[in-house]
Amino acid sequence: EEFAIILPDFDLTMAEDVAEKCRRAINLIDYAALGLKSRISASFGVSDVNISGEDLTDILADADNAMYSSKQHGRNCTNTYR
């Protein structure tokens, strides 16, 4: 699944920190009680208006590109669109 987190009044560093905290928290959840043998991971992509402009479509596209870069680099990581 894919979803977006919009963080008004956050700068890029703060947004990267939130994404990384979410990624780590997801990875630490114990899914054994659900019968799953391996942990679930998450790949995050981050962008902001200073990089992508103020058009929401462009921001989401850039964040999506960064997320796919995370998946291409081994998954379970956070990348920022630059």
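**Salt bridges, a pocket and a buried serine**

R82 sits out in the open: with a relative accessible area of 68%, this arginine counts as exposed (over 50%; buried means under 20%, and partly exposed lies in between, all with a 1.4 Å probe and protein chains only). The model is a predicted one, so local features are held to a pLDDT of at least 70 and side-chain atom pairs to 80 or more, while totals for chains, interfaces and linings take in all residues. Residue numbers start from 1 along each chain as its sequence is written, and side-chain values rest on heavy atoms, with hydrogens and water left out.

As for the overall layout, the protein chain carries 3 helices and 2 strands, which run α-β-α-α-β along the sequence; helices here are DSSP runs of H or I with at least four residues, strands are runs of E with at least two, and both are numbered from the N terminus. The C-alpha trace spans about 45 × 25 × 20 Å along its principal axes. Of the 82 residues, 26% count as buried. Taking contacts (heavy atoms within 4.5 Å) between residues at least 6 apart in sequence, 52% join residues at least 24 apart.

Next come the charged pairs. Side chains of opposite charge can pair when their charged atoms come close. The structure holds 4 salt bridges, each being a side-chain nitrogen of Lys or Arg within 4 Å of a carboxyl oxygen of Asp or Glu. In one of them, R82 pairs with E16, and the closest N and O atoms are 3.1 Å apart. Because R82 belongs to the segment after β2 (78-80) and E16 to helix α1 (residues 12-28), this pair ties together parts that are 66 residues apart in sequence.

Helix α1 also has pairings of its own. D17, partly exposed at a relative accessible area of 35%, bridges to K21 with 3.2 Å between the closest N and O atoms; the two residues are 4 apart in α1, about one turn of the helix. E20 and R23 meet at 2.5 Å, N to O, and they are 3 residues apart in the helix, again about one helical turn. R23 is buried, with a relative accessible area of 11%. A network of salt bridges links E20, R23 and R24.

The largest pocket has a volume of about 990 Å³. A pocket is an open set of points on a 1 Å grid over the protein atoms alone, where a 1.4 Å probe fits, with protein on both sides within 12 Å along at least five of seven lines; lining residues have an atom within 4 Å of a point. The volume is the space filled by probe spheres set on the points, which are joined across faces, edges and corners. There are 37 lining residues, with F3, A4, I5, G45 and A63 nearest the centre. Elements giving two or more residues to this lining are α1, β1 (44-46) and α3 (56-72), and the largest share, 7 residues, comes from α3.

Finally, S52 lies in helix α2 (residues 49-52) and is buried at 10% relative accessibility. Leaving aside residues up to four places away in sequence, S52 touches S47, D58, I59, D62 and Y81.
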